[in-house]
Amino acid sequence: LVGDLAYVTDHTQGLLILDVTDPAVPTVLGQVGTPGSALQVHVSGDYAYIADYDQGMTIVDVSDPAAPVSAGVFATPFKA
C-alpha cells in the first residue's frame, strides 16, 4: 500500500494497481501483465519489482499508476 494505492499481484493477471481511497469500493486504476505467474510485489519510488514464478523478476514503471509500463525482466537461472 502506497498512499491510496494498493499494488497487488494476481498470478495470471500480472500487476493490478487499485485505488483504495474508499476501501469499501476499490477500483482498478491500472494493470500490466507479466510474462509468467506474478507472485509478489515490492514498490520503491516509481518502480514495482514483481517476483514472477516463470521468469524471475519483472520491473514495472508505475510513475503513472493509471498506465504502468514494463521496464524490463531479470531472468533467474531457476526454472520450474
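## Report on an all-strand predicted model

Of the 80 residues in the protein chain, 29% are buried, where buried denotes under 20% relative accessible area, exposed over 50%, and partly exposed the range in between, with a 1.4 Å probe and protein chains only. The model is predicted, and local features require pLDDT of at least 70, side-chain atom pairs count only at pLDDT 80 or more, and totals for chains, interfaces and linings use all residues. Residues are numbered from 1 along each chain as its sequence is written, and side-chain values use heavy atoms, with hydrogens and water left out.

**Overall architecture**

The protein chain contains zero helices and seven strands; these elements are DSSP runs numbered from the N terminus, with helices (H or I) of at least four residues and strands (E) of at least two. Read from the N terminus, the elements follow the pattern β-β-β-β-β-β-β. The radius of gyration of the protein chain is 12 Å, close to the 12 Å that the globule rule gives for 80 residues, so the chain is as compact as a globular protein of that length. This radius is taken over C-alpha atoms, and the globule rule is 2.2 Å times the number of residues to the power 0.38. The C-alpha trace of the protein chain spans about 40 × 20 × 15 Å along its principal axes. Among contacts in the protein chain with a separation of 6 or more, 26% are accounted for by residues 24 or more positions apart; a contact means heavy atoms within 4.5 Å.

**The three-stranded sheet**

An open sheet of three strands has the order E1-E2-E3, with antiparallel pairing; two strands pair if DSSP finds at least two bridges between them. Strand E1 (5–10) and strand E3 (27–32) stand at the edges with a single partner strand each, so one side of each is left without a neighbour in the sheet. Neighbouring strands of this sheet are turned by 25° against each other on average, direction ignored. Such angles run from 0 to 180 degrees between N-to-C directions, and the axes are lines fitted to C-alpha atoms, for helices over the stretch in contact.

Val8 lies in strand E1 and is partly exposed because its relative accessibility is 32%. Leaving aside neighbours within four places in sequence, Val8 contacts Gly14, Leu15, Leu16, Leu18 and Val41. Val8 and Ile50 are 42 residues apart in sequence, with a C-alpha to C-alpha distance of 9.7 Å.

**The four-stranded sheet**

An open sheet of four strands has the order E4-E5-E6-E7, again with antiparallel pairing. Its edge strands are strand E4 (38–44) and strand E7 (69–75), each of which pairs on one side only. Neighbouring strands of this sheet are turned by 20° against each other on average, direction ignored. In the hairpin of E4 and E5, two residues lie between the strands, and Gly45 takes a positive phi near 60°.

| Strand pair | Bridges | Sense | Residue pair |
|---|---|---|---|
| E1 and E2 (residues 14–19) | six | antiparallel | Tyr7 and Ile17 |
| E4 and E5 | six | antiparallel | His42 and Tyr49 |
| E6 (residues 56–61) and E7 | six | antiparallel | Gly56 and Ala75 |

Asp52 belongs to strand E5 (residues 47–52) and counts as buried because its relative accessibility is 4%. The side chains of Asp52 and Thr34 are joined by a polar contact of 3.3 Å. A polar contact is a pair of N or O atoms within 3.5 Å; within protein, one must be able to donate a hydrogen and the other to accept it, and residues adjacent in sequence count only if both atoms are side-chain atoms. The Asp52 side chain also reaches the backbone nitrogen of Gln55 at 2.8 Å. Not counting residues up to four places away in sequence, Asp52 touches Thr34, Pro35, Gly36, Ser37, Ala38 and Thr58.

Thr58, in strand E6, counts as buried because its relative accessibility is 1%. Beyond neighbours within four places in sequence, Thr58 contacts residues including Thr34, Pro35, Tyr49, Asp52, Ser70 and Val73.

**The nonpolar core**

The largest nonpolar core has ten residues in all: Leu5, Tyr7, Leu15, Ile17, Val32, Ala38, Ala48, Ile50, Val60 and Val62. A nonpolar core is a set of buried Ala, Val, Leu, Ile, Met, Phe, Trp, Tyr and Cys residues joined through side-chain atoms within 4.5 Å. E1, E2 and E5 each supply at least two residues of this core. Leu5 touches Ile17, Leu18, Asp19, Val20, Leu29 and Pro65, not counting residues up to four places away in sequence.
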